[in-house]
Amino acid sequence: MTSNRAPIAVALDLPTLEAATTLAGAVGSTVAFLKVGLETYLRDGAAGVDTIRAAAGSDVELFLDLKLHDIPNTVAGAARSIAALEPALLTVHASGGPAMIEAAVSALPNTQVTAVTILTSLSAQDLAQIGYEGDPLSAVVRLARLATEAGAQALVCSPLEVAAVRSAVGPDVRLVVPGVRPAGSAVGDQQRVATPAQALHDGADLLVIGRPITAAGDPAQAAKDIAAEIARR
Ligand code: C5P
């Protein structure tokens with residue numbers, strides 16, 4: 001984990017590069033990671049990512065949340081395309097299968113390939129419709145094992161799954177957990193939430209937090225307050 005910064009990745013899901021850059025500058029000295037997802041990357045590209053990082057300061061790490069899912073050769077090429085950004089973390093879908101995950105890992109030796117197990121937006125009924133058998137938690141654990149056996153060094157899972165995933169994959173895999181809400185903050189559209197303290201207690205290493213910081217009146221202070229809540233636990 002990065003130095004003494006809080007184990008938080010701020011999700012920069014914002015409508016303009018200017019807004020993302022301002023936010024990055026506000027939280028860059030408090031949090032360990034900035035998460036750049038499809039909204040920002042598809043609009044602003046690699047040059048936008050450079051601008052955001054320059055505003056945040058050199059120590060903050062890049063979490064590139066592109067959720068790649070394609071044939072192994074194409075994913076390897078996509079991974080090489082973003083190698084110059086030197087992300088600490090890059091997401092791929094575990095359901096792309098072992099060969100795809102191995103291809104991403106080989107293409108990016110200096111990045112932790114981070115496998116998304118099952119999107120938290122999918123209900124048990126959705127999963128049955130697309131052909132997953134069993135309950136969602138067993139599908140998550142199965143995909144977590146598959147991904148780490150294929151070389152993924154990190155996994156994304158919900159707060160409700162993190163304890164089961166931790167016990168399935170052991171202590172060395174980085175567990176990245178969205179759906180985190182500080183006590184008393186708005187839940188928004190997240191269905192399955194936990195407080196920072198609960199998620200860390202259950203085995204999370206890195207908390208993905210968006211709106212509780214990005215939509216706060218004072219994002220810098222909101223990030224500091226959550227960092228303090230984590231440090232007190
Ligand atoms: O604003 P909020 O804290 O809900 O943002 C959570 C971030 O985590 C968003 O960028 C969202 O895309 C991401 N995420 C998630 N659930 C997942 C995977 C990623 O909320 N299962």
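Which exposed residues does the face of H1 turned away from its buried side carry? Select Glu18 and Thr22 and you have them. Keep in mind as you click around that this is a predicted model.

**Stop one: helix H1**

H1 runs over residues 17-27, and its buried residues are Ala20, Thr21, Leu23, Ala24 and Val27. Look down the axis: these residues span an arc of only 165°, so they sit on the same side of H1. To see what lies over them, show strand S1 (6-11), strand S2 (31-37), helix H2 (38-56), helix H9 (211-214) and helix H10 (219-232), which are among the elements covering that buried side.

**Stop two: Thr214**

Stay with H9 and pick Thr214, which is found in that helix. Thr214 is buried, at a relative accessible area of 16%. Show its surroundings, leaving out neighbours within four places in sequence, and you'll find contacts with Val10, Ala11, Leu14, Leu23 and Pro219.

**Stop three: the nonpolar cores**

Next, select Ile8, Val10, Leu12, Leu34 and Leu155. In the largest nonpolar core, which has 65 residues, these are the ones with the most contacts inside it. Zoom in on Ile8 and hide anything up to four places away in sequence; what remains touching Ile8 is Val31, Ala32, Phe33, Leu206, Leu207, Ile209, Ile213, Ile226, Ala227 and Ile230. Apart from this core there is another, of 13 residues, including Ala9, Phe33, Leu89 and Val156. As background, nonpolar side chains in soluble globular proteins tend to be buried together.

Select Lys35 and Phe63, and you'll see the charged end of the lysine over the phenylalanine ring, 6.0 Å from the ring centre.

**Stop four: helix H3**

Go to residues 72-81, which make up H3, and colour its buried residues Val75, Ala76 and Ala79. Seen down the axis, the buried residues of H3 fall within an arc of 100°, so they line one face of the helix. Turn to the face pointing away from them, and the exposed residues there are Asn73, Arg80 and Ser81. Cover for the buried side includes strand S3 (61-68), strand S4 (89-93) and helix H4 (98-107).

Most residues other than glycine have a negative phi. Here are two to check against that. Lys67, in strand S3, has a phi near 45°, and at 29% relative accessibility this lysine counts as partly exposed. Then move to Glu86, in the loop between H3 and S4. Its phi is positive too, about 50°, and Glu86 is exposed, with a relative accessible area of 62%.

**Last stop: Gln153**

Finish in the loop between helix H6 (136-149) and strand S6 (154-156), where you'll find Gln153. Gln153 is partly exposed, at 27% relative accessible area. Leaving aside neighbours within four places in sequence, its contacts are Thr111, Gln112, Val113, Asp172, Val173 and Arg174. What does the side chain of Gln153 have a polar atom 2.9 Å from? The backbone nitrogen of Val113. For one more distance, draw a line from Gln153 to Ile101: they are 52 residues apart in sequence, and their C-alpha atoms are 10 Å apart in space.

How values were computed: Residues are numbered from 1 along each chain as its sequence is written. This is a predicted model: local features need pLDDT of at least 70, side-chain atom pairs count only at pLDDT 80 or more; totals for chains, interfaces and linings use all residues. Side-chain values use heavy atoms; hydrogens and water are left out. Buried means under 20% relative accessible area, exposed over 50%, partly exposed in between (1.4 Å probe, protein chains only). Helices (H or I, at least four residues) and strands (E, at least two) are DSSP runs, numbered from the N terminus. The arc is that of the directions from the helix axis to the C-beta atoms. Contact means heavy atoms within 4.5 Å. A nonpolar core is a set of buried Ala, Val, Leu, Ile, Met, Phe, Trp, Tyr and Cys residues joined through side-chain atoms within 4.5 Å. A charge sits over a ring if NZ of Lys or CZ of Arg is within 6 Å of the ring centre and within 35 degrees of the ring normal. A polar contact is a pair of N or O atoms within 3.5 Å; within protein, one must be able to donate a hydrogen and the other to accept it, and residues adjacent in sequence count only if both atoms are side-chain atoms.
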